[in-house]
Protein chains: 2
Amino acid sequence: MGKNKEQGFVQHITPRNEDFSQWYTDVILQADLVDYAPVRGCMVIKPYGYGIWELIQQEMDARFKATGHKNVYFPMLIPESLLLKEAEHVEGFAPEVAWVTQGGTEKLQERLAIRPTSETLFCSMYSKWVQSWRDLPMKYNQWCSVMRWEKSTRPFLRTSEFLWQEGHTIHATAEEAQEETLQMLEVYREFAENVLCIPVFVGRKSDKEKFAGARATYSMEAMMQDGKALQAGTSHNFGTNFAEAYNIQYLAKDGQLTFVHETSWGTSTRMIGAIIMTHGDERGLRLPPKLAPIQVVVLPIAAHKPGVLEKAQELAQALRDAGLRVELDDRDTVSAGWKFNEWELKGVPVRLELGPRDIENGQVTFVRRDTLEKGQLPMEGIGQQVKDMLEEVGRTLYSQAKAFRDQHTYVAHDMQELTQGVQTGFVKAAWCGERACEDHIKETTNATSRNMPFDQSDCPSPVCVCCGKPAKYTMYFAKAY
Amino acid sequence: MGKNKEQGFVQHITPRNEDFSQWYTDVILQADLVDYAPVRGCMVIKPYGYGIWELIQQEMDARFKATGHKNVYFPMLIPESLLLKEAEHVEGFAPEVAWVTQGGTEKLQERLAIRPTSETLFCSMYSKWVQSWRDLPMKYNQWCSVMRWEKSTRPFLRTSEFLWQEGHTIHATAEEAQEETLQMLEVYREFAENVLCIPVFVGRKSDKEKFAGARATYSMEAMMQDGKALQAGTSHNFGTNFAEAYNIQYLAKDGQLTFVHETSWGTSTRMIGAIIMTHGDERGLRLPPKLAPIQVVVLPIAAHKPGVLEKAQELAQALRDAGLRVELDDRDTVSAGWKFNEWELKGVPVRLELGPRDIENGQVTFVRRDTLEKGQLPMEGIGQQVKDMLEEVGRTLYSQAKAFRDQHTYVAHDMQELTQGVQTGFVKAAWCGERACEDHIKETTNATSRNMPFDQSDCPSPVCVCCGKPAKYTMYFAKAY
């Protein structure tokens with residue numbers, strides 16, 4: 001940094017290797033994604049941050065609908081008695097629930113929880129809605145906010161209130177429910193890799209780490225640039241666990257009353273944190289092109305010279321006509337260098353500069369945010385060229401993130417290697433399946449089990465990395481957000 | 001009803017003229033828009049109802065963005081001390097606030113309100129964000145849910161929790177704020193008339209009926225089929241009222257610290273109630289084509305005959321390719337008559353039937369939901385023909401609603417005429433501007449002042465309809481939801 005004075009604008013971003021956590025805070029505040037709210041542990045999502053969320057919603061929602069899901073809206077309050085029906089679930093969530101005890105001037109007879117998640121409400125309605133096998137499956141999703149009373153919070157990563165989507169489905173058979181659970185995990189993986197440009201490990205959680213009330217939880221785990229894991233989405237198979245607690249039965253083809261099999265799956269604004277910590281650099285954000293509120297910024301250079309501003313406007317319009325999200329920055333109150341820094345900080349994937357010489361040569365100067373490569377493009381067919389370049393930026397972001405993750409994913413054969421590995425990345429190790437070993441690893445290394453890959457064939461060792469007893473699973477361990 | 005046994009499906013919709021309120025409840029439940037939630041005064045919005053809301057959001061959001069607004073997300077909780085800063089606002093909302101008093105195991109030092117509306121939070125952040133005239137205007141909107149602890153509730157019309165959008169803007173001058181206030185009122189009016197197909201009266205509220213803390217409130221008022229008014233959207237000019245309470249000042253061009261001028265404006269899921277009560281009939285819903293989750297339903301007739309189902313699938317695909325939202329109902333478990341009734345109940349604007357004779361003649365049979373007109377259309381160019389027909393359905397719904405409203409809007413010169421008029425519709429009358437007269441009218445007729453048209457030139461009388469003193473305003477009075 002600081003090689004030329006124009007970079008003064010971003011000089012107070014803390015370098016990543018000096019203090020990754022402070023770097024994160026600097027970036028989210030300076031790029032104007034969020035601000036702290038005057039409510040403990042809550043954030044205000046500002047237009048630039050919310051713009052990313054809107055694009056995430058569009059991309060995901062299209063995938064949910066394409067797989068046969070419909071959106072609904074359920075109340076944000078849950079009566080305490082309803083929340084208490086499934087024992088494991090209560091135990092998991094009760095410590096972090098915000099309680100409404102007064103409505104207007106009336107003290108409530110029963111406390112109401114602000115939803116930490118909505119399984120209990122969906123169960124309550126499903127038990128009313130489902131009668132026969134003809135009604136199944138029911139595949140619903142909602143976009144809403146949830147509240148979990150967290151002690152220590154960080155914008156996008158862990159806040160008391162956050163925005164998310166929660167899918168809840170019920171099925172006639174165990175097979176269908178498992179198929180749904182894995183299908184949605186696959187939807188998440190494809191979205192993460194193709195839209196977020198983030199490689200993820202998908203697999204099953206240990207019993208210790210699974211969702212409260214689930215028979216099995218699957219997750220996708222992304223690696224941040226400090227080597228820590230971020231759980232970016234989960235998909236749960238409840239079996240008949242909630243159905244039994246909430247009495248969700250249907251009349252099967254054979255005339256028997258039968259419990260439904262249920263799933264749920266969720267992702268949240270946390271994914272924005274993942275984008276920042278996977279792709280960001282010393283200059284600030286680097287946004288995946290499909291989620292960038294501004295995909296291309298057009299900067300007229302020497303805009304006072306005749307014709308420059310007009311040509312820049314034409315260029316911006318040509319790009320918009322090609323379906324791109326474009327900003328024309330024609331401010332005359334700040335220098336070009338200031339603008340370069342600001343749009344780099346905001347992670348705009350492609351910057352186009354247009355000055356008198358470019359116009360003369362029928363070209364435009366580009367700078368890619370991913371590689372900082374600079375060059376010229378002919379004006380002719382500029383829309384398609386920039387579209388192709390955005391595709392390329394997305395692929396590069398993914399490749400860079402994958403290379404980083406692969407370099408920081410280690411195999412451990414003993415606790416020393418594991419302890420060493422989780423300092424800077426993920427560790428793949430053999431595990432006996434016992435919770436005692438997970439607890440021991442957590443206590444001694446601060447790492448947790450992340451998930452077990454579906455392909456269990458290349459287990460690093462026949463014995464558990466921790467206790468030395470026979471190994472049952474291949475497991476990824478890492479420190480995590 | 002009940003003329004043939006196929007109509008058995010909808011036989012338990014109460015006729016409108018027998019019990020309008022029960023008719024409404026029958027329609028929303030049978031058309032599967034909502035269900036009652038196991039939380040007092042809350043509703044579950046089911047896929048078909050939520051589908052309408054998604055389309056409302058798309059249409060409105062495009063209009064907000066086209067007028068320079070950006071979306072944000074603010075927390076759902078408001079500390080009590082923050083809520084208390086503007087006296088009128090507190091007084092208006094405190095009686096209907098739900099309070100969070102406990103977070104996890106911790107009893108909170110300060111109560112937190114679930115937002116009944118977010119002026120106070122926006123003010124708090126604006127006071128931090130705005131520095132100089134260069135930062136103005138700030139024009140933000142959020143889509144979220146709000147909570148108002150209501151004593152008696154009805155789905156879509158009045159529920160403890162409801163979904164809405166709330167725009168909040170700050171401006172340098174009083175003129176700009178007023179321009180914004182009226183611009184958003186106009187956006188609402190245009191949306192109501194062109195998308196909801198509902199004619200509205202726009203105008204200013206009386207001081208008694210304005211928003212708590214506003215200098216002026218403008219509304220759009222729609223007439224339901226029972227002659228009652230439904231306030232379908234409001235736009236408020238706060239002047240510097242909140243700016244003074246929350247200290248939102250900017251450094252003006254002249255170097256002086258100056259209070260900003262602020263507006264807010266909102267619409268909600270209430271609009272779905274307005275659609276139902278404006279357009280519905282004895283058969284159920286009649287949905288405005290732009291908001292119908294299913295715009296066209298295709299019914300194969302005698303689908304067991306060779307080629308029928310294939311042709312119906314081709315037809316559905318041709319309509320989808322034309323950009324329409326289409327359902328192919330190829331169920332063989334219910335009769336054609338059952339299907340007719342079900343899709344009429346659900347208000348699908350156009351039904352297309354395709355049987356062997358239609359195929360032979362290269363045509364398709366249509367039934368319009370607005371007029372129940374039946375006829376044939378040539379298969380050739382079916383996409384464009386159905387699009388044109390949907391436009392026509394929208395225009396007809398609007399015309400019918402406008403004719404009804406005009407027939408039920410009366411002029412009153414005295415209290416007898418007013419009392420008579422508000423039994424079945426709106427009353428336009430001269431008003432002195434005094435609250436005492438509004439109170440008297442409310443007590444004696446149960447009608448409230450709705451709004452004052454911008455064109456005040458055709459006042460029905462030189463004296464107030466209530467007290468006989470000189471009239472100042474032309475005012476609409478009506479019973480209201």
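## Interface between the two chains

The structure described here is a predicted model.

The rule finds 6 salt bridges between chain B and chain A, and 27 residue pairs are in polar contact, both residues of each pair being at pLDDT 80 or more. Among the charged pairs within the reach of the 4 Å cut-off for a salt bridge, the side chains of B:Glu54 and A:Lys65 meet at 3.0 Å, N to O.

## Strand pairing across the chains

Strand E5 also joins the two chains through strand pairing. E5 of chain A, residues 98–103, runs antiparallel to E5 of chain B, and 5 bridges join the two strands. Within this pairing, A:Ala98 stands opposite B:Gly103.

## The five-stranded sheet of chain A

Chain A contains an open sheet of 5 strands in the order E16-E15-E17-E18-E19, with mixed pairing. Strand E16 (326–328) and strand E19 (374–378) stand at its edges; each has a single partner strand, and therefore one side of each is left without a neighbour in the sheet. Direction ignored, neighbouring strands are turned by 25 degrees against each other on average.

At one end of this order, strand E18 (residues 363–368) of chain A pairs with E19 of chain A in the antiparallel sense over 5 bridges. One of the paired positions links A:Thr365 with its bridge partner A:Gln376 in E19. Helix H10 of chain A, residues 336–345, packs on the sheet and touches strands E15 (296–300), E16 and E17 (350–354). The direction of H10 makes about 175 degrees with that of E15.

## The four-stranded sheet of chain B

In chain B, 4 strands form an open sheet in the order E20-E21-E24-E22, again with mixed pairing. The edge strands of this sheet are E20 (409–412) and E22 (448–449), each of which pairs on one side only.

Strand E20 of chain B pairs with strand E21 (residues 426–431) of chain B in the parallel sense, over 4 bridges. In this pairing B:Val411 stands opposite B:Lys428 of E21.

## Salt bridges in the whole structure

Side chains of opposite charge can pair when their charged atoms come close. A search of the whole structure finds 66 salt bridges over all chains. One of the pairs found within chain A joins the side chains of A:Glu190 and A:Arg63 at 2.7 Å, N to O. Because A:Glu190 lies in helix H6 (residues 174–196) and A:Arg63 in helix H2 (residues 47–66) of chain A, the pair ties together parts that are 127 residues apart in sequence.

## Backbone features in loops

A cis peptide bond joins A:Leu136 and A:Pro137, with omega about -5 degrees. A:Pro137 lies in the loop between helix H5 (119–129) and strand E7 (138–147) of chain A. In chain B, the peptide bond from B:Leu136 to B:Pro137 is likewise cis, with omega near -5 degrees, and B:Pro137 is found in the loop between helix H5 (119–129) and strand E7 (138–147) of chain B.

A further backbone feature concerns A:Asn446, a residue other than glycine whose phi is positive, near 70 degrees. A:Asn446 has its place in the loop between helix H14 (435–445) and strand E22 (448–449) of chain A.

Technical notes:
Residues are numbered from 1 along each chain as its sequence is written. Chains are lettered from A and ligands numbered from 1 in the order in which they are written. Side-chain values use heavy atoms; hydrogens and water are left out. Two strands pair if DSSP finds at least two bridges between them. Axes are lines fitted to C-alpha atoms, for helices over the stretch in contact, and angles run from 0 to 180 degrees between N-to-C directions. Contact means heavy atoms within 4.5 Å. A polar contact is a pair of N or O atoms within 3.5 Å; within protein, one must be able to donate a hydrogen and the other to accept it, and residues adjacent in sequence count only if both atoms are side-chain atoms.
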